[in-house]
Amino acid sequence: MTRPGDRSPDDRDEPERADAVPTQAELDAQDLAELARTSKDADFHDRYPRRPADPGPAPRPLSRAAGLWWLGAVAVIGYVVYGLIDRNTIRDGLAARLEPGMVEIDDADAAGRAADMAGFWPPALLIGMPVLMALTYPLLAGIANHHSRNLRSIYGAVTLVVLIFTPVVADLVLSYEQIPLIVRALPWVQFGALVLSLLMVFRRSVNQWLPSSTRVKPTRLLRSE
């Protein structure tokens with residue numbers, strides 16, 4: 001009769017499983033699992049790198065870009081206020097420019113059609129330009145405040161739209177001899193200020209300060225496969 005604490009002879013011959021040395025196959029399987037996990041973690045980190053906890057102060061080009069934006073905004077306010085005050089001069093000048101083209105299309109009421117277009121487009125452009133400018137400033141400020149590369153991309157896209165419409169305003173709305181030369185120059189001040197602002201935002205120092213891009217690159221996907 002065996003006591004509860006005693007072991008049978010057969011049990012004594014079997015090695016303790018907890019103290020057994022792992023086989024080479026088990027070691028190889030553990031190494032492969034660790035390599036797979038490490039590779040997966042590294043790939044995820046490369047695609048979606050973490051933002052640094054403290055990126056440090058914003059580079060000086062970002063503050064310069066903000067100053068240039070304000071210069072462009074002041075220019076916009078100047079020519080918009082003048083254009084709305086002297087809208088009759090602008091309307092008459094634009095109607096005179098459009099009427100010859102309206103004659104070729106519809107000579108029955110060319111003057112009326114030209115007057116209608118001249119009465120609509122200058123106010124629409126003058127009101128739309130400050131709205132577009134107002135949309136760009138929160139994006140510009142958000143680049144530094146939120147340490148965001150995506151906001152920089154959006155700011156660049158919206159600013160390009162503003163730059164496209166600025167020469168249109170300068171030509172259709174303000175290119176008349178009755179308008180003072182300094183007012184006619186204001187759209188080009190805005191244009192130059194925004195171009196310089198974009199150059200500041202995309203400076204190398206700003207690119208290094210912002211977090212790494214998270215866009216998926218085709219070459220990286222091919223390597224992972």
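For the record, I take helices (H or I, at least four residues) and strands (E, at least two) as DSSP runs, numbered from the N terminus. On that basis I get 9 helices and 0 strands in the protein chain.

Housekeeping: this is a predicted model, where local features need pLDDT of at least 70, side-chain atom pairs count only at pLDDT 80 or more, and totals for chains, interfaces and linings use all residues. Residues are numbered from 1 along each chain as its sequence is written, and side-chain values use heavy atoms, with hydrogens and water left out.

Whole chain next. Of the 225 residues, 29% are buried (under 20% relative accessible area; exposed is over 50%, partly exposed in between; 1.4 Å probe, protein chains only). I also looked up contacts (heavy atoms within 4.5 Å): among those with a separation of 6 or more, 78% join residues 24 or more positions apart.

Then I turned to α4. Its 19 residues, 87–105, should span 27 Å at 1.5 Å a residue, and the end C-alpha atoms sit 26 Å apart, so the two agree. The expected span is 1.5 Å times one less than the number of residues. I did find a bend of about 35° at E99, with a proline, P100, following within four residues. (The bend is the angle between axes fitted to the seven residues ending there and the seven starting there.)

Which residues of α4 are buried? I noted I90, G93, L94, A95 and M102. Their cover includes α3 (60–85), α5 (110–145) and α6 (149–172).

Last stop, V103, also in α4. I have V103 as partly exposed because its relative accessibility is 42%.
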